[in-house]
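This report describes a protein chain for a reader who is new to structural analysis. Please keep the sequence and the model in view while reading.

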Amino acid sequence: MSTTTLVARQMEVWQFATTEHAARQARHAATESLRSWGLDHTIEVMELLVSELVTNAWKATADRDDTVAMRLTATPTDLFLEVWDANDATPQRTAADVEAEGGRGLVLVEALTSQWAFYRPRSGGKVVWCCL
C-alpha cells in the first residue's frame with residue numbers, strides 16, 4: 001500500500017493595466033501575498049524580479065493589449081513568478097552600456113533566480129517565468 005503526500009501550494013493571479021503604474025501595483029500585490037504566506041524573507045528579491053518582468057511586459061505589450069498578467073505560486077520547495085504579455089517576441093538578454101539606465105532586467109533575473117525561461121501559451125503572447 002502506498003501513501004500519497006499532498007503538496008501544499010499557494011497561488012495568486014493578477015491583471016494590471018499596461019501603464020507606468022503596473023510594476024508598482026504588481027510589487028504591492030506580490031508583497032501582500034508573500035506576507036500572508038509567511039514568506040517575508042523572499043520579499044526584497046521578489047520585488048526586484050516583479051519590477052523587472054512586469055516593466056518589460058508592459059513596455060512590450062502596451063500597443064498590443066491593455067493588460068499584463070502575473071501569477072505567483074509557492075510550493076513547499078519553490079517560489080515561481082510568471083508574467084504574461086501579448087507580445088510573442090523572444091525575450092532578449094542584452095549587455096547594457098555602463099551609462100544606460102535600463103537593459104539589465106533579464107541579467108538581474110538570471111543572477112537572482114535558480115532558473116528562468118519563457119513559453120508561448122496557446123492563447124498568444126508569451127510568459128516569462130523564474131523560480132527562487
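## Basis of the description

The model is predicted, and local features need pLDDT of at least 70, side-chain atom pairs count only at pLDDT 80 or more, while totals for chains, interfaces and linings use all residues. Residues are numbered from 1 along each chain as its sequence is written, and side-chain values use heavy atoms, with hydrogens and water left out.

## Overall make-up

The protein chain contains 3 helices and 5 strands. Helices (H or I, at least four residues) and strands (E, at least two) are DSSP runs, numbered from the N terminus. Read from the N terminus, the order of elements is β-α-α-β-β-α-β-β.

Of the 132 residues in the protein chain, 37% are buried. Here, buried means under 20% relative accessible area, exposed means over 50%, and partly exposed lies in between (1.4 Å probe, protein chains only). The chain exposes about 8,000 Å², of which carbon and sulfur atoms supply 49%; such areas come from the Shrake-Rupley method with a 1.4 Å probe, and for residues only the protein chains shown count as cover. Contact means heavy atoms within 4.5 Å. Among contacts between residues at least 6 apart in sequence, 61% join residues at least 24 apart.

The 5 strands form an open, antiparallel sheet in the order 1-2-3-5-4. Two strands pair if DSSP finds at least two bridges between them. Strand 1 (10-17) and strand 4 (115-119) are the edge strands, and each pairs on one side only. On average, neighbouring strands are turned by 15° against each other, direction ignored. Axes are lines fitted to C-alpha atoms, for helices over the stretch in contact, and angles run from 0 to 180 degrees between N-to-C directions.

Strand 5 (residues 126-131) pairs with strand 4 over 5 antiparallel bridges, and F118 stands opposite V128 there. The hairpin of strand 4 and strand 5 has 6 residues between the strands, and G124 takes a positive phi near 105° in this hairpin. Strand 5 is also joined to strand 3 by 6 bridges, again antiparallel; W129 is the bridge partner of E82.

In a regular strand, side chains alternate between the two faces of the sheet. In strand 5, both faces are covered: K126, V128 and C130 are buried on one side, and V127, W129 and C131 on the other.

## The helices

Helix 2 (residues 43-61) lies across strand 2 (67-74), strand 3 (79-85) and strand 5, and runs at about 15° to strand 3.

Two packed helices are described by the angle between their axes and the distance between the axes. For helix 1 (residues 22-36) and helix 2, the angle is about 145° and the axes are 8 Å apart. The residues of this contact divide into 10 nonpolar, 3 polar and 3 charged. Ala, Val, Leu, Ile, Met, Phe, Trp, Tyr, Cys and Pro count as nonpolar, Asp, Glu, Lys and Arg as charged, and the others, Gly among them, as polar.

## One residue in the contact

Is T31 buried or exposed? T31, which is found in helix 1, counts as buried because its relative accessibility is 7%. Not counting residues up to four places away in sequence, T31 touches I43 and E47.
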